[in-house]
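Please read the following briefing alongside the sequence and the coordinates.

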Amino acid sequence: MAPTTSLTITPLHPCLGARVEGVDLTAPLDEATFRAIDSAFQTHSVLVFHDQPFTGQQQMAFSGRWGPLETTINASGRENRLHPQLVDLSNIDPDHDDRLMGWNDRRMIYQSGNQLWHTDSSFKPVPAMSSLLNGREVPPEGGETEFLSLRHAWRTLPEATRRRLEGRVVVHSILYSRSTIAPGLLDPDQERGLPPVRQALVRANPVNGEKAVYLGSHAWYIEGMPYVESRRLLDDLMAHATRPEAVYQHRWRRWDAVMWDNRCVLHRGRPWDAARHKRVMRRTTVAGEGPTAEPPLAARTAAWAGIVPEGVGI
Ligand code: OGA
Ligand code: MN
């Protein structure tokens, strides 16, 4: 079946990303168009679509073509007030006459976790497959979103390092990543519901076999290695992955829709003048197919305050 629309796919950066034109994502997609978008997604990892004024329902319907959507934790108090499967990233305070929240607001401090390089939900036993962000209100400057390819990072590692990484398991924890921002961002009840999880360090795309080194802010330590050595290795891998020439920066236009592959992409939001300018984004997140490592849950080894697993001397 031929697509009823003709898509134009234009690469945006040598490492990842493509702009897709010629499709209205707010309308139901025919099967052939969906397949063409999915094929571009599997290849380019980040797809940018301009002029997609989604309603929440339309955005959920489009993302839902890939499978069940994730329900997002409601840690900042307000993130999922619209619908459990629609994340509202906004600096508008609904409790105070829609005033703008600056970076000193607790909800914004929590949101600032998005400014660390990460991959969505890597702290969950089944991490997210993809995310789609729609820009409803975008600031005139700042507030960009940056992306990098973890496939490119993998390909450009020395062979000896790759051998050292194959088959390894990394413990991911949102308590760890949030502890690097500020203490006490999650309350003890929430903490109990967020035990550390195990993720494969090297992942292959099930469609084309492309390997990626799976990292990000929630990656805490590598199992079976002294803690300090594993931290140093993760820091070195992050430094390698985040080299400036590997980063694609997306400058938002209103109603852009950007979809990325959480299995092989790191992303981060950039700051903007939040006390002065609105930034309202909505995200839908497609759940992953299953755990990346078995068993998915890690033993709860952490002394959270010290952020050091038991039994490792430092
Ligand atoms: C996200 C995210 C960054 C941004 O929605 O998952 O990390 O630029 N967003 O808002
Ligand atoms: Mn994110």
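Two strands are said to pair if DSSP finds at least two bridges between them, where strands (E, at least two residues) and helices (H or I, at least four) are DSSP runs numbered from the N terminus. This is a predicted model, in which local features need pLDDT of at least 70 and side-chain atom pairs count only at pLDDT 80 or more, while totals for chains, interfaces and linings use all residues. Residues are numbered from 1 along each chain as its sequence is written, chains are lettered from A and ligands numbered from 1 in the order in which they are written, and side-chain values use heavy atoms, with hydrogens and water left out.

**Strand β4**
- β4 and β17 pair in the antiparallel sense over 4 bridges, and Asp-88 has Arg-282 in β17 as its bridge partner.
- From β4 (residues 87-90), Val-87 and Leu-89 point one way and Asp-88 and Ser-90 the other way, and all are buried (under 20% relative accessible area, with exposed over 50% and partly exposed in between; 1.4 Å probe, protein chains only).

**Helix α2**
- In α2 (residues 56-63), Gly-56, Gln-59, Met-60, Phe-62 and Ser-63 are buried.
- These residues lie on the same side of α2 because they cover an arc of only 160° around the axis, the arc being that of the directions from the helix axis to the C-beta atoms.
- Their cover includes α1 (31-44), β7 (128-137), β15 (257-261) and β17 (280-287), with contact meaning heavy atoms within 4.5 Å.

**Manganese site**
- His-118 (NE2), Asp-120 (OD) and His-267 (NE2) coordinate the manganese ion (ligand 2) at 2.1 to 2.2 Å; donors are N, O and S atoms within 2.8 Å of the metal (3.2 Å for Na, K and Ca), and sites may look incomplete because water is not among the atoms.
- Asp-120, in the loop between α3 (106-111) and β7, and His-267, in strand β16 (residues 265-269), are 147 residues apart and link distant parts of the chain.
- Both Asp-120 and His-267 are buried.
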